[in-house]
Amino acid sequence: MIGRLNHVAIAVPDLDKAASRYRDLMGAKVSSVMELKEHGVSVVFVELENTKIELLHPLGGNSPVAGFLAKNPKGGTHHLCFEVSDLRSAVAKMIQSGARVLGDGKTKIGAHGLPVVFLHPKDFDGVLIELEEVAKTDLDEGSQVDP
Ligand code: CO
């Protein structure tokens, strides 16, 4: 059911420092800081050949990463995002098997403008999982590039 690893999200206490490490020390292609107010995060995207890293920092008073950083002040892996081609059926399968979908279980539009849901970390060995619906053509293109 799941396709590619779309991104690994890392919560960081200092976004500029983290971005600089990936850009200047690791030599990665790094975006400028983007403020996603509706998601309560500032994000820097790190483009890798086979996936992305998203560096997350809280933005505003009700950020989903504020609590995580309070518990992990030095930062840490926040979630993994897997691609699926049919999010509704993936959610139905999760609920049927007893895995908990966070929030009201409805899909939301994520940081990339695509439908997402988050799955409870207690059902996945302590790791918060994001499922993102990508167009089937994207998956097809990926498999052509990387057979
Ligand atoms: Co994500």
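**Overall fold and selected residues of the predicted model**

Ile-2 is partly exposed, with a relative accessible area of 44%, where buried denotes under 20% relative accessible area, exposed over 50%, and partly exposed the range in between (1.4 Å probe, protein chains only). The structure is a predicted model, in which local features need pLDDT of at least 70 and side-chain atom pairs count only at pLDDT 80 or more, whereas totals for chains, interfaces and linings use all residues. Residues are numbered from 1 along each chain as its sequence is written, and side-chain values use heavy atoms, with hydrogens and water left out.

Ile-2 belongs to the segment before S1. When residues up to four places away in sequence are not counted, Ile-2 touches Phe-82, Glu-83, Val-84 and Leu-131, a contact being defined by heavy atoms within 4.5 Å. Between Ile-2 and Glu-130, which are 128 residues apart in sequence, the C-alpha to C-alpha separation is 11 Å.

The chain contains 4 helices and 9 strands, assigned as DSSP runs (helices H or I, at least four residues; strands E, at least two) and numbered from the N terminus. Their order along the sequence is β-α-β-β-β-β-α-β-α-β-β-β-α. The radius of gyration of the chain, 16 Å, is close to the 15 Å that the globule rule gives for 147 residues, so the chain is as compact as a globular protein of that length; this radius is taken over C-alpha atoms, and the rule is 2.2 Å times the number of residues to the power 0.38. The C-alpha trace spans about 40 × 35 × 25 Å along its principal axes. Of the 147 residues, 38% count as buried, and among contacts between residues at least 6 apart in sequence, 52% join residues at least 24 apart.

Asn-6 lies in strand S1 (residues 5–11) and, at 7% relative accessibility, counts as buried. The side chain of Asn-6 makes a polar contact with that of Glu-83 at 2.8 Å, such a contact being a pair of N or O atoms within 3.5 Å, of which, within protein, one must be able to donate a hydrogen and the other to accept it, while residues adjacent in sequence count only if both atoms are side-chain atoms. Leaving aside neighbours within four places in sequence, the residues in contact with Asn-6 include Thr-51, Lys-52, Cys-81, Phe-82, His-112 and Glu-132.

Asp-125 is placed in the loop between strand S8 (115–119) and strand S9 (128–133), and is exposed, with a relative accessible area of 80%. Although not a glycine, Asp-125 has a positive phi of about 55°. Most residues other than glycine have a negative phi.
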